[in-house]
Amino acid sequence: MKTVEGLYYSESHEWVKVDGEIAIIGITDFAQKAMGDIVYVDMPEVDDEVSAEEEFGAVESVKAASDLISPVSGTVTEINEALEDESGLLNQDPYENWIIKVQMSEPGELDRLMDADVYAAFCERQ
Amino acid sequence: MEDLLKTCLYDRHEALKAQMSPFGGFIMPIQYSNILEEHQAVRQKAGMFDVSHMGEIFVSGPDAEPFINHIFTNDIRVMPAGKIQYGMMLYPDGGVVDDLLVYKLAEPDHYLLVVNAANIAKDEEWIRNQSTGYEVCIDNQSDRWGEIALQGPEAERIAVDVLGLGEARDLAFYTFTDTAWNGAPILLSRTGYTGEDGFEFYAAPEVIVALWDKLIESGVTPCGLGCRDTLRFEVGLPLYGHELSAEISPIEAGLGMFVKTDKEEFVGRDSILRQKTEGTPRKLVGIELTEKAIPRAGYPVECDGEVIGEVTTGYQSISTGKYVCMALVNRAYAETGRSVSVRVRKKTFAGVICKKRFYDKNYKK
């Protein structure tokens, strides 16, 4: 299982890359492996509000739907439209292919997330 | 996980690095490579499944025929030896104990009942409890049998050329024969659960392991339960616990053709007769979404803002790409062509009631 240094990780297997006040959010390698072939990504719309630890969409594999849980609160500024036609990108490279970008309203929420080493250890126990 | 049973092919699945998951009390392979490829292998060439988790219950004795006809919805009196029937065992209220296959064996008054893994213990108890007054021997041999399903348009060629089972060529759909492979007895059955032509092999565990190795060696794609479900779903075959259950009768599920109410007696007959005359409040239908969303089991089906039923199984069909499901809905809304919607998380998506077969079967008659 692959992790990337410098990202923040949630227990529900999303990652966050911070770019100023913008949080770029995706799913981890652990998540895409567990789900298998991803066939559909249900994303919010730009300007939608998201809240930390609440659902903001879902990733669907052939066999099941998995909720996407936002690691931070804020406003959606961008969605990755490439995933609408090619959701399998999340299987190919889950760290390169982000899902949404969020203008954070509470950057302090990042402190509750894990770093790459802690997350890797967390996945070991799953 | 330690309470889960392993099939005789467990080591083979581990060696192939299959993704394993609990199913029906067993730890089973869900996929080896990925569901899409395994699904297409079965539709286009051939794939094989470990279905050793299925239960094998033998019923024999002078009253075997009347006894099975008493607990089974189909009519086995018309069956010659070597023939197989599909049907259900019902509770008196018409709910389903299990759906199963009945094999009429060559030896007179001997039958094999093949039941769902999750229901083996429940079925055995049910069968024994119904047998009072019948002179029958009930022998649950589930842990002494392995089973492989070889499915797909190339299944016959593989059975004949790779396994040397020439008799496969002449075997009609839903018939079987006792034969030998590699010097060991096997039961060769032209049945399956994918909508494709194919065979199911029943034999002792060590024979099944050798058969698996031979098929792998010849390049047959190993397929997990993941695509077994997408395959059976596309051709509208029911799965116990989803389209049939103690709460869902075969009439509601549209399987009335397997319930022979012209038989004078069987458990559940009165309830089924009533359902046939009065109609059932619910009916199993197909729904095709006209918008992009995947309807999953348990999602509500709505019409004019009211909940009219729920999804029993749904996928983006691998063979057609369409977003489709089977759903149990209020009969008043069940006619083909009616506009309904399915609630997927926070939103509803438009759909149309359609046939619950989303892909045509390709059986060899």
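Hi everyone. Between chain A and chain B, 10 residue pairs are in polar contact, counting pairs where both residues have pLDDT 80 or more. I quote pLDDT because this is a predicted model, so please keep that in mind as we go.

Let's stay with the place where the two chains meet. How many residues does each chain bring to the contact? Chain A gives 17 residues and chain B gives 18 residues. In chain A, the elements α1 (29-35), β4 (38-42), β6 (55-61) and β7 (65-69) each supply at least two residues of the side that touches chain B. The largest share of that side comes from β6(A), with four residues. If you sort the chain A side by class, you get eight nonpolar, one polar and eight charged residues.

Now for area. The size of an interface is often given as the accessible area lost when the parts come together. Here chain A and chain B bury about 1,500 Å² between them, and 45% of it is on carbon and sulfur atoms. Which residues of chain A lose the most area to chain B? They are A:Tyr40, A:Val62 and A:Lys63, and together they make up 39% of what the chain A side buries.

On to charges. Side chains of opposite charge can pair when their charged atoms come close. Across the interface of chain A and chain B there are four salt bridges. One to look for joins A:Glu60 and B:Arg296, with the closest N and O atoms 2.7 Å apart. Both residues also belong to a network of salt bridges that links A:Asp42, A:Glu60, B:Arg296, B:Arg345 and B:Lys347.

Over all chains, the structure holds 22 salt bridges. Let me show you some inside chain B. B:Glu234 pairs with B:Arg43, the closest N and O atoms being 3.0 Å apart. These two are 191 residues apart in the chain: B:Glu234 is in helix α7 (residues 225-234) and B:Arg43 is in helix α2 (residues 35-44). Are they buried or exposed? B:Glu234 counts as buried because its relative accessibility is 0%, and B:Arg43 is buried too, at 6%.

Next, B:Arg77 and B:Asp75 form a salt bridge, again with closest N and O atoms 3.0 Å apart. B:Arg77 is partly exposed, with a relative accessible area of 40%, whereas B:Asp75 is buried at 12%.

B:Glu154 is partly exposed at 27% relative accessibility, and B:Arg157 is partly exposed at 43%.

In soluble globular proteins, nonpolar side chains tend to be buried together. In this model the largest nonpolar core has 72 residues, and those with the most contacts inside it include B:Phe49, B:Met88, B:Leu244 and B:Ile287. Which strand gives the most to this core? That is β17 (residues 323-330) of chain B, with seven residues.

Technical notes:
Residues are numbered from 1 along each chain as its sequence is written. Chains are lettered from A and ligands numbered from 1 in the order in which they are written. This is a predicted model: local features need pLDDT of at least 70, side-chain atom pairs count only at pLDDT 80 or more; totals for chains, interfaces and linings use all residues. Side-chain values use heavy atoms; hydrogens and water are left out. A nonpolar core is a set of buried Ala, Val, Leu, Ile, Met, Phe, Trp, Tyr and Cys residues joined through side-chain atoms within 4.5 Å. Buried means under 20% relative accessible area, exposed over 50%, partly exposed in between (1.4 Å probe, protein chains only). Contact means heavy atoms within 4.5 Å. Buried area is the accessible area (1.4 Å probe) that two parts lose on being put together, summed over both. A salt bridge is a side-chain nitrogen of Lys or Arg within 4 Å of a carboxyl oxygen of Asp or Glu. A polar contact is a pair of N or O atoms within 3.5 Å; within protein, one must be able to donate a hydrogen and the other to accept it, and residues adjacent in sequence count only if both atoms are side-chain atoms. Ala, Val, Leu, Ile, Met, Phe, Trp, Tyr, Cys and Pro count as nonpolar, Asp, Glu, Lys and Arg as charged, and the others, Gly among them, as polar.
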